[in-house]
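Biologist: I am new to this one. Please show me the chain, and then I will ask about it.

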Amino acid sequence: MDFFEKLGKKATETFNSAAEKTNKIAADTKLKFKINDCKSKIDDIYKDIGRIVYQNYVLDGKEDIKEEIAEHLKSISEITDQIEEMEKQRLELCDKKQCENCKNEMDKNAKFCPKCGAEQPEEEVHEAEVVEEQTDNVSEEKSEEATEENKEE
Ligand SMILES: [Zn+2]
């Protein structure tokens with residue numbers, strides 16, 4: 001009996017971690033897909049800019065074409081930010097982080113970068129946030145419930 005109980009438990013554990021892994025891979029794949037999508041959007045914008053520059057500068061003889069491409073440049077910056085955010089999410093999914101110095105990917109808990117040797121800052125952001133909120137809301141106010149709800153976005 002004992003053996004089979006153990007075996008059952010082990011199988012459940014293995015299944016759970018396998019399922020978790022599958023979920024992570026699926027989420028990672030989704031992010032990769034979105035990132036590629038964003039990158040091709042940026043490529044399209046670059047092409048547009050090229051066309052605008054050629055049309056205005058060469059064909060229409062305009063010296064100053066800043067205004068014509070301003071929106072496009074803004075879009076590139078916005079999409080680039082989105083990509084960075086998604087890359088961060090991907091790293092978190094894989095329990096990895098990026099080197100502050102050389103952007104090398106490494107284990108989340110690594111204290112030094114295996115590539116450049118740079119010391120990594122301790123990442124306890126979430127814990128720090130919780131502690132701060134608790135000390136801020138020592139008094140029992142009604143707003144506490146509201147902030148509690150707003151937190152989960
Ligand atoms: Zn490094």
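Modeller: A residue is buried if 20 or more other C-beta atoms lie within 10 Å of its own, exposed if 12 or fewer, and partly exposed in between, with C-beta atoms placed from the backbone. This is a predicted model: local features need pLDDT of at least 70, side-chain atom pairs count only at pLDDT 80 or more, and totals for chains, interfaces and linings use all residues. Residues are numbered from 1 along each chain as its sequence is written.

Biologist: What share of the 153 residues counts as buried?

Modeller: The count covers the 153 residues of the chain. The buried share is 2%.

Biologist: Which pattern does the chain follow along the sequence?

Modeller: Helices (H or I, at least four residues) and strands (E, at least two) are DSSP runs, numbered from the N terminus. The chain has four helices and two strands. Read in order, they give α-α-β-β-α-α.

Biologist: How many residues of α1 are buried?

Modeller: Helix α1 spans residues 2-59 and reaches 84 Å from first C-alpha to last, close to the expected 86 Å. That expectation is 1.5 Å times one less than the number of residues. α1 lies largely in the open, because of its 58 residues the number buried is zero.

Biologist: Is Asp95 buried or exposed?

Modeller: Asp95 sits in the loop between α2 (66-93) and β1 (96-98). Its phi is positive, near 55 degrees, though it is not glycine. Asp95 has 10 C-beta neighbours inside 10 Å, so it counts as exposed.

Biologist: Where is Lys103?

Modeller: Lys103 is another non-glycine with a positive phi, about 70 degrees. With 11 C-beta neighbours inside 10 Å, Lys103 counts as exposed. Its place is the loop between β1 and β2 (105-107).
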